[in-house]
Amino acid sequence: MPSRSSTRTTKTAEQEEVMTWSIAALAVSAAFLASLVEVVEAFTIVLAVATLRSWRPATIGTSAALALLATIVLLLRPLLGQIPVASLQLAIGVLLLLFGMGWLRKASLWVAGVIPLHNEEAIYGAETARLGTPQQRVRRSLQWVAGITALKAVLLEGLEVVFIVIAVGAGRGLLLPAGLGALAACALVLVIGAVIHRPLSRVPENSLKFGVGAMLSSFGVFWTGEGLGISWPGQDLALLFFAALFLAAGLVGSSLARRLSMEFA
Amino acid sequence: MALLKELAAELVGMFAGEKRLTLAVLAVVAAADCWIDFTSLNDSFSAGQCYFLVACCC
């Protein structure tokens, strides 16, 4: 009987070669939808900065954040290649479980009405108030505050996008398709944002977070299992089963939370 | 400096924002690893897999 470590080594060598369409499609969809949510959030803040101050600090802050993100990606890429695939799958799987289940939990509580819905218009209003009154806007020092605000928003949301792309793509050499999915989401938000010049409040972020939370959690279970040496029945198709299971669990959880909140209200 | 602190807090919050959830997930993964090692059933759909999957959904 082969030892566990040898089983892992054999499996990872095979896994690196195999790229099935089912997992690629899921990875691209998860990266696209998750990035859509993150980019909409960053766009709202950048738009608030641009509207209240000017496009200059917004553009400088955004460009600086994108440059920082590009540096992080360039530094991470060779590092990822050094890590054995099984260890990478295990680490990423656990992180994805933590991240995805956090999203799913929050989305379930939103659906149940236990916590208030994420609202881009409200965030835009809060950011507008924070950036000051019209009289204050002319002060030069506040241009820096505006630039830093844009930088912080793009950097924080961008880091989440980078993590999601690595998490859904690195386990099977799908970084490029997952990255393209994320870039497509960025392009879509930028095009729509450039046309309407308003916060993208009609994007169903809460529903998207529910679905994406289930998808990321299913990737988390899948990668963690593979990292532990489990061979899932149905191979990559098990991901679809996990996603359906997490969706169902989220719906049941939100229904229970709604009932409990009504009882205690 | 404040930006770096905020960045670090955000990164930690991404994975460990909800302490109970974080501890539960880590406990389930650790238990699944022990179970798989104990039963040595790496190549088939074992009780460990069922346990891992069900526990994650719970």
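**Figure 1. Helices of chain A.** In this predicted model, chain A contains 9 helices and 0 strands. Read from the N terminus, the order of its elements is α-α-α-α-α-α-α-α-α. One of the helices is α7, which spans residues 175–196 of chain A.

**Figure 2. Burial and contacts in chain A.** Chain A has 265 residues, of which 50% count as buried. Among contacts that link residues at least 6 apart in the sequence of chain A, 86% are between residues at least 24 apart.

**Figure 3. A nonpolar surface patch with residues of chain A.** The patch covers about 440 Å². Its members are L188(A), V191(A), I192(A), V195(A) and I196(A).

**Figure 4. V191(A) in helix α7.** V191(A) lies in helix α7 of chain A, residues 175–196. The relative accessibility of V191(A) is 54%; because exposed means over 50%, V191(A) counts as exposed. V191(A) is also one of the residues that make the nonpolar surface patch of about 440 Å².

**Figure 5. Helices of chain B.** Chain B contains 3 helices and 0 strands. The order of elements in chain B, starting at the N terminus, is α-α-α.

**Figure 6. Burial and surface of chain B.** Of the 58 residues in chain B, 29% are buried.

Technical notes: Residues numbered from 1 in each chain as written. Chains lettered and ligands numbered in written order. Predicted model: local features only at pLDDT ≥ 70, side-chain atom pairs only at ≥ 80, totals over all residues. Heavy atoms only, no water. Patch = residues over 30% accessible without salt bridge, like charges linked within 9 Å, V, L, I, M, F, W, Y side chains within 5 Å. Areas by Shrake-Rupley, 256 points an atom, 1.4 Å probe, with all protein chains shown as cover. Salt bridge = Lys/Arg side-chain N within 4 Å of Asp/Glu carboxyl O. Helix = DSSP H or I, 4+ residues; strand = E, 2+ residues; numbered from the N terminus. Buried < 20%, exposed > 50% of the residue type's maximum accessible area, 1.4 Å probe, protein only. Contact = heavy atoms within 4.5 Å.
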